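Subject: Handover of a structure, with notes

Dear colleague,

I am passing on the structure below, together with some notes on what was found in it. Please read the notes alongside the coordinates.

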Amino acid sequence: MNFIKEIKNKIEGIKNTKKITKAMEMVTVFKMRKSQKKMFASKFYLSLLNKLIKNIYFFQNNLHKQHQYLYNNNKIIKNIGYILITTDKGLCGNFNNNLLKLLLNDIKKWKEKSINIKSAVIGYKGLFFLKKNNIQILSQIINFKINDINISKIIDIIKYMLNLYKISHIDKLFIVYNKYVNTIIQTPKIFQLLPLSLNDTQGGNIEKNNYLYEPNFSTIINHVLNKYIQLQIYNFFLENLVGEYASRIIAMKIATDNADFFIKDLQLLYNKVRQSNITQELNEIITGASAMQ
């Protein structure tokens with residue numbers, strides 16, 4: 001009897017867990033759709049900036065000599081900077097693990113060349129990883145509130161790392177994030193932010209419009225390139241966020257399906273044990289009745 005009660009308690013416990021995982025799945029679907037809209041809007045604006053920068057580069061052949069953000073093959077690399085984007089919470093499968101493995105391998109490659117590593121991190125999982133591996137952390141954002149997602153939430157960490165590059169405390173700046181491909185696929189990526197190679201920008205065909213610059217060219221290109229890098233980081237942040245939601249949806253769906261599987265198995269076991277007990281009780285009644293005759 002106690003065993004039957006134990007099975008029933010397990011079934012009820014799993015049913016309650018199933019309700020939680022199903023609810024989390026539904027809430028995460030809503031959050032993902034909301035974040036996707038911002039991600040697509042950000043990508044559209046980024047593509048327009050790409051076209052503008054490529055167009056300026058077409059008419060300014062020596063542009064790479066006029067701004068420190070642009071590619072320079074002759075620069076001696078002594079310090080590498082990373083902006084690591086992870087999640088604050090778990091329950092999203094291998095979403096963080098695959099990314100952190102990729103980063104660790106990349107860090108080992110630079111350390112073998114005796115190059116210093118500096119980092120900034122968004123997300124508790126990344127912060128824990130960097131501390132565990134004794135990697136210098138210059139700036140951090142954890143317990144990120146996602147109810148109102150906009151660039152102002154992460155602009156401080158962006159400006160801080162860009163400033164380090166400007167004053168040559170960092171010679172190369174990378175961003176480490178999960179690229180959102182679709183709901184099933186999120187690919188870990190390490191993308192070089194600075195120095196920027198204009199050959200790597202994706203902005204479609206060049207319109208070849210020559211511009212008049214007000215107040216002057218250097219002010220305009222400085223503002224445009226700053227906005228471009230900031231928006232790139234924000235866009236990667238949104239991609240990582242959407243990928244996190246997609247991974248959590250899949251993880252919660254798998255958990256819900258597993259709950260159904262366990263409930264079915266336990267229900268079958270419950271029926272077998274109950275049937276066995278009933279059969280045993282009937283045999284005892286029949287045996288007792290026979291003995292009395």
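The notes below begin with conventions and then go through the sheet, the helices and the aromatic rings.

This is a predicted model, in which local features need pLDDT of at least 70 and side-chain atom pairs count only at pLDDT 80 or more, while totals for chains, interfaces and linings use all residues. Residues are numbered from 1 along each chain as its sequence is written, and side-chain values use heavy atoms, with hydrogens and water left out.

Helices (H or I, at least four residues) and strands (E, at least two) are DSSP runs numbered from the N terminus, and two strands pair if DSSP finds at least two bridges between them. Five strands make up an open sheet in the order 3-2-1-4-5, with mixed pairing. Strand 3 (136-141) and strand 5 are at its edges, and because each has a single partner strand, one side of each is left without a neighbour in the sheet. From one strand to the next the twist averages 20°.

Strand 1 pairs with strand 2 (residues 116-122) in the parallel sense over seven bridges, and Y82 stands opposite S119 in strand 2. Strand 4 (residues 172-180) and strand 5 (residues 186-194), by contrast, are paired in the antiparallel sense over eight bridges, and they form a hairpin with five residues between them. The bridge partner of V176 in strand 5 is I190.

Within strand 1 (residues 79-85) lies I83, which counts as buried because its relative accessibility is 1% (buried means under 20% relative accessible area, exposed over 50% and partly exposed in between, with a 1.4 Å probe and protein chains only). Leaving aside neighbours within four places in sequence, I83 is in contact (heavy atoms within 4.5 Å) with A120, M161, L173, F174, I175, V176, L193 and I233.

Helix 4 (residues 155-166) lies across strand 1, strand 2, strand 3, strand 4 and strand 5, and runs at about 150° to strand 3. Helix 5 (residues 217-292) also packs on the sheet, where it touches strand 1, strand 2, strand 4 and strand 5, its direction making about 35° with that of strand 4.

The axes of helix 2 (residues 95-111) and helix 3 (residues 124-132) come within 11 Å and cross at roughly 35°. N96, L100, L103 and L104 of helix 2 make this contact with K125, F129 and L130 of helix 3.

In helix 1 (residues 2-59) is N50, which is buried, with a relative accessible area of 5%. N50 and Y228 are 178 residues apart in sequence, and their C-alpha atoms are 7.8 Å apart in space.

Finally, the structure holds five aromatic pairs (rings of Phe, Tyr and Trp, the last by its six-membered ring, pair if their centres lie within 6.5 Å, with planes under 30 degrees apart counting as stacked, over 60 as edge-to-face and the rest as tilted). F261 and F262 form an edge-to-face pair, at 5.8 Å centre to centre and 70° between the planes. F261 is partly exposed at 47% relative accessibility, and F262 is likewise partly exposed, at 48%. Y82, W110 and F174 form one aromatic cluster.

Best regards

Conventions. Axes fitted to C-alpha atoms, helices over the stretch in contact; angles between N-to-C directions.
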